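The structure is shown first, and the description follows.

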Amino acid sequence: MQNRKKDILNLALYAGEIMLRSGGETYRVEETMLRLCGACGIPRVETFVTPTGIFLSIDDEGNDNATFTFQKRIRSREIDLSKVSRVNDFSRAFSPEKMSMTEGMALLKQIDGPPRYPLWMRSLMAGVAAASFTGMSGGQSNDMLCSLGIGVFIYSLLSFHDRLQENTFIKTLLAAAVGSFLALLCGYFRLCTSIDTLIIGAIMILLPGVAITNAIRDSLSADLLSGMVRAFEALITAVSIAVGVGLAIAFFAFLSGGGIHG
Amino acid sequence: MVEAFLLAACGTLGYAFVYNIPKRLIPLAALTGACGWLVYSQFPQQPITGCFLAALTVGVLSEILSRLFKDAATLFILPGILPLVPGARMYRMILALMEQNFDRAGGLFIEVMSFAGSIAIALLLATSLFRFLFRKSRRLPEREESPPDRHPEDLSH
């Protein structure tokens, strides 16, 4: 009996972990775990989810009269919304009559595979996004072309940093600095007409859109702790972008011995 | 205008790939972002009002699409609001700070915060409106059937 409880805990915790790592909102992670435990017939379930860790307790009020609690620390995060969507579907479809715990775990492991789109495709699309934002802020077609290149480069750099498991803020700062420096170089060699639109395009890739949106949605669901944590994450990311861009501009001005647009 | 619409759609499309959104939802996400930008571009004189209304459009569209396609609203909201995020103003603020033009930097900072705030409030309004309208369908059956969180002996002290 204890083994069954442990299996249920592992399954629910793994589902919650995938969701939280991939950018799911706090209430959705909690709901998913409650739904999975409910489907397994556990009458008392309590869960507490924060952006950096999950707590889950279950008590089936059986004869062993024991409450099980597991914790899971979440360290790295990679936005992958199709994983959120697939775990969500899984939790709605799962029931112990239809599939065993081992099958459920195997299915979750399959969901937790590599991202849906390969790295080259995501990098290319990040470049497309940067180029579009350059165009939207008034860039010409040659600006958009430069921006495409810078976007692809920055996104590849970010993914490379992900592999090193580096601090998010250092990662963002470096990416912003490199992006701005490349934009200034493009301007120096007269490849583009407006350096500003290039840097804006590069900034747009790095902005903490997920953190801001989830901060709002968490606060709205009364997950105030998560909301505050995510708002703070967004703030620090924005500051590191600003510092990165500032550093690159200052460094370039120092190198070329002139003003910003020299 | 068509050009702006297409650019916003491309920007949102790019982001949809970066966030690994399922393939069948990508065109819808791009459409959401482009509609938001279209609303925003109708208010060149009052950008913050425009941003608020645009974010409201994105929020409402996302909630409708999430119910039509039985998927999480975040899948549409996350890429959809990105064209509205004030990256350009933030950049100009950094420039003003570097030129030590603190008056201009302060003004731009307040503008950036107003944009972020108006996006936040608009999304909040859209989400709570839909939660209110669809309250019955949103609640989990397991939660309603589960016994109270406290044991009776806890309550009687």
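## Helix packing and domain contacts

In this predicted model, helix α9(A) meets α6(B) through A:Ile212, A:Thr213, A:Ile216, A:Arg217 and A:Leu220 on one side and B:Ala116, B:Ala120, B:Leu123, B:Leu124, B:Thr127 and B:Ser128 on the other. The residues of this contact comprise seven nonpolar, three polar and one charged.

A second contact joins α8(A) and α5(B), where A:Asp196, A:Ile199, A:Ile200, A:Ile203 and A:Met204 meet B:Gly87, B:Ala88, B:Met90 and B:Tyr91. Its residues divide into seven nonpolar, one polar and one charged. The crossing of α8(A) and α5(B) is likewise right-handed.

The axis geometry of both pairs is set out below.

| Helix pair | Angle | Axis distance |
|---|---|---|
| α8 (residues 195-206) of chain A and α5 (residues 87-98) of chain B | roughly 120 degrees | within 9 Å |

Within chain A, the assignment gives domain 1 (2-111) and domain 2 (119-256). The C-alpha centres of these two domains of chain A lie 34 Å apart. Nine residues of domain 1 of chain A are in contact with twelve residues of domain 2 of chain A. On the domain 1 side, the contacting residues are three nonpolar, four polar and two charged.

Note on methods
Residues numbered from 1 in each chain as written. Chains lettered and ligands numbered in written order. Predicted model: local features only at pLDDT ≥ 70, side-chain atom pairs only at ≥ 80, totals over all residues. Contact = placed C-beta atoms within 7 Å. Helix = DSSP H or I, 4+ residues; strand = E, 2+ residues; numbered from the N terminus. Nonpolar A, V, L, I, M, F, W, Y, C, P; charged D, E, K, R; others polar. Axes fitted to C-alpha atoms, helices over the stretch in contact; angles between N-to-C directions. Left-handed = near helix turned anticlockwise from the far one by under 90°. Domains from an automatic or database assignment.
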